[in-house]
Amino acid sequence: MIIIENLSKNYGRTKVVDKVNVQFKKGKVTSIIGPNGAGKSTLLSMASRLAEKDSGSVLLDCKEICEWDTAELAKHLAVLRQSNSVTMRFTVREIVSFGRFPYSKGKLTTEDQAVIDQSIDYLALSDIQNKYLDELSGGQRQLAYIAMVIAQDTDYVFLDEPLNNLDIKHSLKIMKNIQRLARDMNKAVVLVIHDINFAACYSDVIVALKKGKVVASGSVAKVIQADILSGIYETPFNIIEVEGKRMCTYH
């Protein structure tokens with residue numbers, strides 16, 4: 001489990017994250033929602049040690065994240081950032097193989113190759129594994145990066161806006177596979193996401209931020225409520241249920 005306590009971050013006089021307390025549990029998908037500038041990506045960056053915190057603590061398996069050896073941390077926590085611009089020309093398989101770097105340091109073993117094969121098969125990328133990234137659609141590229149994260153084989157997976165610029169078909173496929181990661185592999189999957197309906201349908205826990213503060217946290221039923229969402233986004237919401245799933249309408 002990752003336990004975050006009183007985590008704060010300022011940029012100048014602006015408090016971007018303000019005394020946040022939250023937990024990320026294995027086997028669960030946790031979605032972080034909120035308007036632009038709410039501090040979602042900053043929270044994820046501090047929780048993964050990609051950004052320095054001003055105060056508070058982040059405990060990964062009872063150990064402060066700042067105390068982890070970098071190489072060892074990479075075997076426990078994988079992060080897929082919002083922008084993944086690769087300037088060199090790599091195939092899907094080569095990108096996925098980067099996930100094994102914490103273990104192989106670039107010298108892939110037979111075991112590494114087996115993990116890469118499993119990761120590619122898991123996301124049904126076998127047919128395109130030898131294609132270059134610049135030959136793929138945005139959704140296919142994103143699936144390749146997620147396969148890389150799977151190959152890293154960590155207990156904790158952070159995804160910053162994994163649906164960014166994707167169509168409905170690829171967004172749906174990615175969310176289904178994110179859910180499988182948590183349920184089939186018992187990983188704690190944490191994602192920053194703007195699409196509230198995808199968050200509502202595929203998350204176990206939702207954390208809602210506004211102006212750096214957690215304003216609601218808990219199950220989908222607890223957070224996906226008209227009054228809560230209307231207050232967060234400052235726009236009217238209606239909640240409907242479709243096949244037992246809570247869905248939001250707004251106009």
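Is Lys-213 buried, partly exposed or exposed? At 43% relative accessibility, Lys-213 counts as partly exposed (buried means under 20% relative accessible area, exposed over 50%, partly exposed in between, with a 1.4 Å probe and protein chains only). The model is predicted, so local features need pLDDT of at least 70 and side-chain atom pairs count only at pLDDT 80 or more, while totals for chains, interfaces and linings use all residues. Residues are numbered from 1 along each chain as its sequence is written, and side-chain values use heavy atoms, with hydrogens and water left out.

Turning to charged pairs, the structure holds 13 salt bridges (a side-chain nitrogen of Lys or Arg within 4 Å of a carboxyl oxygen of Asp or Glu). One of them joins Asp-18 and Lys-213 at 2.7 Å, N to O. Asp-18 belongs to strand β2 (residues 14-24) and Lys-213 to strand β10 (residues 213-218), so this pair ties together parts 195 residues apart in sequence (strands, E, at least two residues, and helices, H or I, at least four, are DSSP runs numbered from the N terminus). Asp-18 is buried, at 13% relative accessible area.

Another salt bridge pairs Lys-187 with Asp-153 at 3.5 Å, N to O. Here Lys-187 is buried at 4%, whereas Asp-153 is partly exposed at 45%.

As for the cysteines, the count comes to zero disulfides (pairs of cysteine sulfur atoms within 2.5 Å). The sulfur of Cys-201 lies 8.9 Å from its closest cysteine sulfur, in Cys-248, which is too far for a bond. Both residues are buried, Cys-201 with a relative accessible area of 15% and Cys-248 with 6%.
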